[in-house]
There are 2 protein chains.
Amino acid sequence: MSHATESEKQPVILTGDRTTGPLHLGHYIGSLRSRVQLQHEAQQFLLLADAQAMTDNVGRHQKVTENVIEVALDYLAVGIDPAKSTIFIQSQVPELAELSQYLLNLVTVARLERNPTIKAEIVLRGFERDIPAGFLTYPVSQAADITAFKATRVPVGDDQLPMIEQTNELVRRFNNTVDKQVLVECEAVLSHVARLPGVDGKAKMSKSLGNAITLGASPDEITKAVNNMYTDPNHLRVNDPGQVEGNVVFAFLDAFEPDVPMVDELKAHYRRGGLGDSVVKRTLNERLQSMLAPIRERRREFATDRAEVLNVLRRGTMRAREVAGATVSEVKGALGLNYFQN
Amino acid sequence: MSHATESEKQPVILTGDRTTGPLHLGHYIGSLRSRVQLQHEAQQFLLLADAQAMTDNVGRHQKVTENVIEVALDYLAVGIDPAKSTIFIQSQVPELAELSQYLLNLVTVARLERNPTIKAEIVLRGFERDIPAGFLTYPVSQAADITAFKATRVPVGDDQLPMIEQTNELVRRFNNTVDKQVLVECEAVLSHVARLPGVDGKAKMSKSLGNAITLGASPDEITKAVNNMYTDPNHLRVNDPGQVEGNVVFAFLDAFEPDVPMVDELKAHYRRGGLGDSVVKRTLNERLQSMLAPIRERRREFATDRAEVLNVLRRGTMRAREVAGATVSEVKGALGLNYFQN
């Protein structure tokens, strides 16, 4: 009993990934690494967001479903422990669709269209007037994902803050409507880590842009990616002074090399001239190889027993259904939709 | 086996009512009467649409939930036989919300906004730009209701034809996307009965307009409603010629008096003068009293055993979940969302 009380006081975290491709170093630095730590101090629910990925992948559903297991392998490989974190598949928790349905009545179309994240993504995806309804309403599904687990903390990038605002609006609106504190507001937890650039120097590492190093990358793939990394295009001869800002190799060293004084020294040397790209790249390559080798190895081991990975997901999904189901029961009860329970 | 094959050939009908108030004579003539007949020649699913009623009744959820049992009582009172028709509560079939979620990805916001039924109802309800998202998307939920049961026939008024068109668009779009005939197109079945006017002569009988005679109305209520009926405002003296068109009493006689020659004779007499409103009203009153007395009596009997009514709804809902669940399994299977079934 005291243990249960203790765990109830823990923050509840809801986070996860769209299952559109295997995860890469950008995910590792931006979220996976901290999830491995947070699982010791919070109740962590990790969502494999296949249903959400479907909203803008009509006709590419195979890509979405095939990557569910790939993302799960990435989670396990980096050290997420299914005994501590609940890993589950969104589409297998129908309670989330049910909760969405009731939240949809509490937000206007105009409000959804004003959501800055949605506005930006509509442009990014070239939807313009042909926005799938499921895409416009996915912030409501996200609110359902968060509130179904009564999550109190949601790790996000700053571009996702409007989603959290919208979730909390829905929470207040629902609780006001039923005049009862049923749903729980959440707090955005912003990452303090700078976003990892793509190996080509583009602002964002992304599988679909082809500028990513995946967590399962082979030693050769890592070496090749590092060798192709964008550095300072004006740093033509070794003796020339080089620029560190916007230099992907240094951005990666900042992200992954724990020996900060060594990195600082490399930067100073590079700036004053006399340090070739190849030397810096060799340092980074060694670091990434040693960091990714055990992850790749664990990933490979888990991949040999897909049935066990599915079992992990099955157990996590059952647990998620229990928790989400309890919330949906409360929600429906507050609306009087509990005809058969008296 | 041959019986199952036989019943599979039967048309499948999906229809129902929003649970916002008890049903009235407009429902009786427009749909209930034919449902009692159709249950012998079709698999009939009758939806108590509480979740849909919620989309434009935020804050009035109690009205919606309380009327579920009232509408069920109306169904039973008019002779719908739960052994022949499946009566179920929409909110208790979460599979419908789940199916909606996938169909939502297959329609654009612009297409939903063009739906003429939705456009008209947005004006009617004064939503304008403050359209709840759940209201804009309810044609998708309706499509889920219809397709979850693989309904082949859907009785509608002509104002609902765009809903059927949208449903069939979604069916084709889904089947194309998964390259498999999973969902089934349906056919609109238009009622040949003229719409019953309100007792005040307004175009539509409606509980909320206060111009309805409910199926459970007391003898006094019926008499009072008939006496207050709108007739010909220029028919001041008995000997004056009277007008039959737009005269509510005659509209009701056309709808409910099976003795057509007698009604024709009354009309002719009224037109040439010499027939007072009170005589025609007395004829209608007698007809309605004799028609509604057994319905009211059955309604009263069922109402004394609400637990049994709930049992009827529980059984119907279980059956509906089985059928809808099978369709949702097929839908998710076609999208590859069946990770745990291999």
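The largest nonpolar core of this predicted model has 209 residues. Such a core is a set of buried Ala, Val, Leu, Ile, Met, Phe, Trp, Tyr and Cys residues joined through side-chain atoms within 4.5 Å, where buried means under 20% relative accessible area, exposed over 50% and partly exposed in between, with a 1.4 Å probe and protein chains only. The residues with the most contacts inside the core are Leu25(A), Ile213(A), Phe252(A), Leu25(B), Ile213(B) and Phe252(B).

The model is predicted, with pLDDT of at least 70 needed for local features and 80 or more for side-chain atom pairs, while totals for chains, interfaces and linings use all residues. Residues are numbered from 1 along each chain as its sequence is written, chains are lettered from A and ligands numbered from 1 in the order in which they are written, and side-chain values use heavy atoms, without hydrogens and water.

The table lists contacts (heavy atoms within 4.5 Å) of three residues, leaving out residues up to four places away in sequence.

| Residue | Touches |
|---|---|
| Ile213(B) | His24(B), Leu25(B), Val199(B), Met205(B), Ile222(B), Ala225(B), Met229(B), Phe252(B), Leu288(B), Leu292(B) |
| Thr167(A) | Ala143(A), Ile146(A), Thr147(A), Cys186(A) |
| Lys202(A) | Pro197(A), Asn211(A) |

Thr167(A) lies in helix 10 (residues 161–178) of chain A and counts as buried at 1% relative accessibility. Lys202(A) is in the loop between strand 5 (187–190) and helix 11 (219–227) of chain A. Helices (H or I, at least four residues) and strands (E, at least two) are DSSP runs, numbered from the N terminus. Between Lys202(A) and Phe252(A) there are 50 residues in sequence and 13 Å in space, C-alpha to C-alpha.

Chain A is superposed on chain B by a rotation of 180° with 0.0 Å of shift along its axis, at an RMSD of 0.0 Å (least squares on C-alpha atoms of residues with pLDDT of at least 70 in both). This is the relation of a two-fold axis. In chain A, the C-alpha of Ala97(A) is nearest the axis, 2.9 Å from it. Because 100% of the interface residues of chain A are also interface residues in chain B, the copies meet through the same surface.

A cavity is a set of points on a 1 Å grid over the protein atoms alone where a 1.4 Å probe fits but cannot get out, and lining residues have an atom within 4 Å of a point. Of the 29 residues lining the largest cavity, the closest to its centre are Gln101(A), Leu104(A), Ser100(B), Gln101(B) and Leu104(B).

Key. 1 Å grid on protein atoms, 1.4 Å probe; cavity = no way out; pocket = protein on both sides within 12 Å on 5 of 7 lines; lining within 4 Å.
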